[in-house]
Amino acid sequence: TINPSISSLFRHKTHAGNHLRRINSGLWKLKAVVMGEAVASGDDQLIFPNHDFAQQAHVPNFQTYLEMYKRSIGDPAGFWSEMASEFYWKKKWGQQVFSENLDITKGDVNIQWFKGGITNICYNCLDRNIELGNGDKIAIHWEGNEPGVDDSLTYNQLLERVSQLANYLKENGVKKGDSVIIYLPMLMELPISMLACARIGAVHSVVFAGFSAESLEQRILDCKPKIVITCNAIKRGTKVINLKDIVDSALSESSQNGVNVGLCLTYANESAMKREVTKWQEERDVWWQDVVPKHSTKCDVEWVDGEDPLFLLYTSGSTGKPKGVLHTTGGYMIYTAATFKYAFDYKPSDIYWCTADCGWITGHSYVAYGPLLNGATVLVYEGVPNYPNPGRCWDIVDKYKVTIFYTAPTLVRSLMRDGNEYVTRYSRKSLRVLGSVGEPINPSAWRWFYNVVGDSRCPISDTWWQTETGGFMITPLPGAWPQKPGSATFPFFGVQPVIVDEKGKELEGECSGYLCVKASWPGAFRTLFGDHERYETTYFSAFPGYYFSGDGCSRDKDGYYWLTGRVDDVINVSGHRIGTAEVESALVLHPKCAEAAVVGIDHEVKGQCIYAFVTPVEGVEYSDDLKKSLVLSVRTNIGAFAAPEKIHWAPGLPKTRSGKIMRRILRKIASRQLDELGDISTLADPNVVDQLIALADS
Ligand code: WTA
């Protein structure tokens with residue numbers, strides 16, 4: 001569902017009206033802030049790349065970008081074929097590089113890239129880079145939760161580990177096309193497991209290790225994996241989390257519901273929990289360390305079609321259960337590799353760190369595949385960014401001489417609150433490019449990131465994209481053009497964003513509306529697992545002919561894009577996507593909850609937080625204990641990261657006469673914008689609004 005009134009949606013509305021300087025045939029003529037000077041204020045300020053950076057960049061100026069961009073749009077087949085030829089294809093794709101239909105009125109939505117081409121993404125990440133002479137280069141630096149605990153693997157070693165696991169999986173009956181659920185924290189075994197699946201053509205589905213047993217079960221029931229890969233426990237900061245208990249409960253529930261997973265490969269993470277105290281089910285559970293190292297370090301590659309599935313990743317939508325976003329091999333491979341290279345101006349000498357977990361798309365595309373395809377050295381960090389203190393990130397940056405640091409605005413804001421001393425006590429002089437993802441980065445956080453973390457020296461790639469898009473869609477190319485704090489700037493090669501109004505009319509020039517994409521790009525998802533119809537209705541029916549992102553966006557006079565947040569019932573908490581419907585179902589599972597309505601409101605650090613209106617069943621009294629147990633219901637049904645910030649008692653909910661909850665009104669009450677409630681006369685019972693306001697602080 002889309003909210004009807006556009007104008008209220010644009011938090012960054014003022015940006016669009018700023019008197020920004022014009023792009024004049026790609027030449028920036030007006031007074032500029034040159035990189036190297038601190039950025040003080042004014043959202044309309046252009047921050048120009050410094051000369052030395054631009055000179056060495058893959059795309060050194062706007063002119064070059066325009067030429068490449070025009071070609072990518074004018075001749076997508078030629079442009080992407082060229083990119084694809086940098087990789088190994090056992091057999092080249094067919095005559096037609098891609099085919100697409102995004103227009104639901106003309107038939108089934110269908111996107112294909114490199115169909116008929118035969119390749120393997122694991123081979124391209126590992127074997128190919130080894131053949132290019134990178135066998136002894138570090139592929140993964142691993143930094144443990146505790147300072148001082150670390151490890152690393154070269155490309156040669158990584159290939160050996162991946163091959164051993166791949167052989168184990170094959171021996172246990174995992175075949176091409178089978179799904180495998182991976183429920184692991186940020187140990188090296190997580191990317192190893194993903195790559196091992198890819199090597200044998202199995203479809204991995206990584207479930208973020210912060211999801212609850214119920215969420216894991218739901219995913220097991222949906223994709224029916226041959227095997228679940230997990231570990232016994234993890235340490236995050238000072239907390240130990242017993243993952244195995246969660247998996248046990250998910251596996252026993254799912255077997256009662258008809259999906260019996262016979263094998264649970266468990267990595268013994270002894271620093272968090274000893275093997276002896278781990279609960280064990282003999283016939284089903286196997287210790288990774290007992291079986292995997294016994295296998296051969298050589299494993300033949302299963303060659304797959306460019307359009308064979310690579311992975312499933314469940315993500316939240318406006319309605320119903322999480323959706324299994326399906327990505328295929330060839331297009332995703334080329335797209336993650338190219339976006340990584342250009343958006344971070346990647347060079348072989350870089351040390352790259354992305355703070356995302358592989359349980360989310362960012363970890364798939366930009367911890368694992370994108371960087372490894374480029375032969376990069378990737379840092380994988382197990383712990384939380386502020387443990388043992390808020391200086392940990394910069395300690396790690398200095399320790400490994402990290403050059404590219406990619407994170408989320410929520411972390412930037414939280415570190416900003418902890419004070420500059422935690423940053424400035426570290427050198428950080430290795431840094432050259434910064435990145436941001438997950439939600440719009442507010443200009444003040446952007447400036448702090450730029451001035452304090454990057455010493456006014458490092459461009460920031462504010463990358464807009466989604467689980468569905470596979471890779472970056474709108475992103476700066478560092479060095480190629482001036483930045484504006486808070487704007488994701490311009491589209492990546494091959495991406496044709498359009499902003500439409502509520503009727504689906506394409507808007508020109510300076511405008512605000514719904515962000516759509518006009519044509520396919522190689523990294524696009526191909527379907528929702530087992531539900532192509534839902535794929536079509538969710539993404540392609542609101543505005544026929546376009547992919548609809550679910551985001552609002554404005555474009556300023558200079559053509560810069562400004563993302564403004566979701567326009568559907570999806571909330572973005574600390575960069576994590578959460579569907580209001582999911583939280584509502586978790587709340588109503590509580591026996592004392594009759595009805596619930598959830599909205600997102602602004603939060604200083606998290607970006608947004610969850611605000612829940614709850615109607616208890618008849619006769620139940622409001623109490624703090626009940627609030628706590630309602631929150632617990634969300635934690636156990638989804639995961640701690642989805643816990644509501646606030647429970648607001650609601651004797652009744654504002655509904656239209658046809659019974660539809662008016663979330664617009666709830667949002668205003670939640671954010672205490674009581675003078676902006678708007679027209680409430682269409683409510684079945686307008687009195688509920690007064691009741692809600694009266695109960696706001698109880
Ligand atoms: C939001 C994460 C503004 C957006 C990669 C999108 C952003 C949703 C940005 C996708 C950004 C992500 N600026 N908004 N740079 N990056 N978003 O699927 O609302 O977890 O629709 O993918 O995050 O979240 P997802």
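Does Trp113 count as buried or exposed at 1% relative accessibility? Trp113 counts as buried, where buried means under 20% relative accessible area and exposed over 50% (1.4 Å probe, protein chains only). This is a predicted model, in which local features need pLDDT of at least 70, side-chain atom pairs count only at pLDDT 80 or more, and totals for chains, interfaces and linings use all residues. Residues are numbered from 1 along each chain as its sequence is written, and side-chain values use heavy atoms, with hydrogens and water left out.

**Ligand surroundings**

- The ligand is surrounded by 17 residues, a residue being near if one of its heavy atoms lies within 4 Å.
- Among the closest are Asp462 and Arg577.
- An N or O atom in the side chain of Asp462 is 2.7 Å from a nitrogen atom of the ligand, and a polar side-chain atom of Gln466 lies 2.8 Å from a ligand oxygen atom.
- Of the 520 Å² of accessible area that the ligand has on its own, the protein covers 97% (Shrake-Rupley method, 1.4 Å probe).

**Aromatic pairs**

- The structure holds 63 aromatic pairs (ring centres within 6.5 Å; planes under 30 degrees apart are stacked, over 60 edge-to-face, the rest tilted; for Trp the six-membered ring is used).
- Phe98 and Trp113 are stacked, at 4.4 Å centre to centre and 10° between the planes.
- Phe208 and Phe211 form an edge-to-face pair at 6.2 Å and 85°, and both residues are buried.

**Charges over rings**

- Arg219 lies over the face of Phe211, 4.3 Å from the ring centre (CZ of Arg or NZ of Lys within 6 Å of the centre and within 35 degrees of the ring normal).
- The charged end of Lys484 sits over the ring of Tyr560, at 4.1 Å from its centre.

Note on methods: Polar contact = N/O pair within 3.5 Å; in protein donor to acceptor, adjacent residues only side chain to side chain.
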